[in-house]
There are 2 protein chains.
Amino acid sequence: MVDTRRGRPGPRRTLSEQAILDAALALLAERGADGVTIRGVAARVGVAPNAVYTYFPDKAAVLEGLVEQLLGRVNDNRFTDAALPWRDRIQALALELRAELLAHPGAGRLLLGSPRVGPNAMAVGDTLLSILADAGLDPGNAANAVYVLNVHILGAVAVEVATLDHTRPTRTVTDLETDLFRWGLDRLLDGLAAHAANHD
Amino acid sequence: MVDTRRGRPGPRRTLSEQAILDAALALLAERGADGVTIRGVAARVGVAPNAVYTYFPDKAAVLEGLVEQLLGRVNDNRFTDAALPWRDRIQALALELRAELLAHPGAGRLLLGSPRVGPNAMAVGDTLLSILADAGLDPGNAANAVYVLNVHILGAVAVEVATLDHTRPTRTVTDLETDLFRWGLDRLLDGLAAHAANHD
DNA sequence: CTCAGATTTTGTACAACGTACAATTACTGT
DNA sequence: ACAGTAATTGTACGTTGTACAAAATCTGAG
């Protein structure tokens, strides 16, 4: 048993997974979802395309990491303050999540294109879950509600992204779209609140 | 003025746009969303890849046509019967739409990947609109509600599709997922109904 | 009936993609 | 110093969308 797995030989890594994800994120911002290519990322970090495969098994893994990256920015524990009304907290979280995703065009497609089961995605889900528990939903219904809220947020982002010009990387989100998003979210929360009230 | 645009010369078309869309649909069923390629479609109808470009300007147009095809199957005027309760009609329409999309794996990604503005998509929207009018929503709110319902249906389909094994073309939709879909739809409809009641 | 003109189909080709494979390089513990 | 190991690269293959020009095929006018 010689292999201690500590300080093992080999040249130093010139990159990190983080550097690759940063490059991918920049590429997503500059060139849109289709602009995120292995070759592009490699070029941006100044390395041969194959080098990326030292850090990620394949492109799908890079995209998953990218999504995780985006979700990580949202999950401050800012929404767990039970003093604030639960509806306000959910609205704030939903709006922030949406804004984060819309800030990176094509992120919606990426999010919906991969089973997002990373830790940050879980964390967002857990945050939502705790808020809904505060709202008075029993665990089963709260889990359902998390799913429905996810669907609404991701669906809305995807639909909004789909209606934009894919050739242009940047976009302006109109107030009209935001109002529509809030309106739908309000109806959904109304339904959830009524359900919680009926079953307590 | 010689060009009457009628019976103009040239060899007969060996294909039709419909034949191409049929091939694309079959490919979608057999190989999943990534299996729908121009070259694959062309091979399936027995023609050189370039021939497809006589009928469609590019691949995106083919995919749009494909989505239209799917939506066309749903839009029977079966849901316009004002005698039935509006909630039942919306649920039936939503479930059918979802079933149709889930029957073709990857259709969700296609739907969300293109601004679906074709006539069949409009028709589905109009059907929803009329049902919501029957429900007592004024035109403005009804339009909002159509958007939200679209988001919910498309979002749910996309999320469900994203969680499946992309390598396998077929899938079994569990009852559990269907129940979850209905539960969310119910909450949404609760919220919409309450809103309609508050503003009449 | 012929034939010019219009149009579909094809052959060929290119750039870009993901990524497999083997060789090369750069390191570390013994 | 050196052997072993890991990171990186060079090269390459197969696949994709699609541009371009040549070829094949049809129709209406004469």
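Predicted model: local features only at pLDDT ≥ 70, side-chain atom pairs only at ≥ 80, totals over all residues.
Chain A contains eight helices and zero strands, and its elements run α-α-α-α-α-α-α-α from the N terminus on. Of the 200 residues in chain A, 37% are buried, and among the contacts in this chain with a separation of 6 or more, 71% join residues 24 or more positions apart.

Between the chains, 28 residues of chain B are in contact with 28 residues of chain A. On the side of chain B that touches chain A, helix 5 (107-113), helix 7 and helix 8 each supply at least two residues, and the largest share, twelve residues, comes from helix 7 of chain B.

Helix 7 (residues 139-162) of chain B also packs against helix 8 (residues 175-198) of chain B, their axes coming within 11 Å and crossing at roughly 165°. Because angles over 145 degrees count as roughly antiparallel, the two helices are described as roughly antiparallel to each other, and helix 7 of chain B passes helix 8 of chain B in a right-handed crossing. Helix 7 of chain B contributes residues including B:Ala145, B:Val148 and B:His152 to this contact, while helix 8 of chain B contributes, among them, B:Phe181, B:Leu185 and B:Leu188.

The table gives the residue classes for both contacts.

| Contact | Nonpolar | Polar | Charged |
|---|---|---|---|
| Helix 7 with helix 8, chain B | seven residues | four residues | two residues |

Conventions. Residues numbered from 1 in each chain as written. Chains lettered and ligands numbered in written order. Axes fitted to C-alpha atoms, helices over the stretch in contact; angles between N-to-C directions. Helix = DSSP H or I, 4+ residues; strand = E, 2+ residues; numbered from the N terminus. Parallel < 35°, antiparallel > 145°, perpendicular 65-115°, else oblique. Left-handed = near helix turned anticlockwise from the far one by under 90°. Contact = placed C-beta atoms within 7 Å. Nonpolar A, V, L, I, M, F, W, Y, C, P; charged D, E, K, R; others polar. Buried ≥ 20, exposed ≤ 12 C-beta atoms within 10 Å, placed from the backbone.
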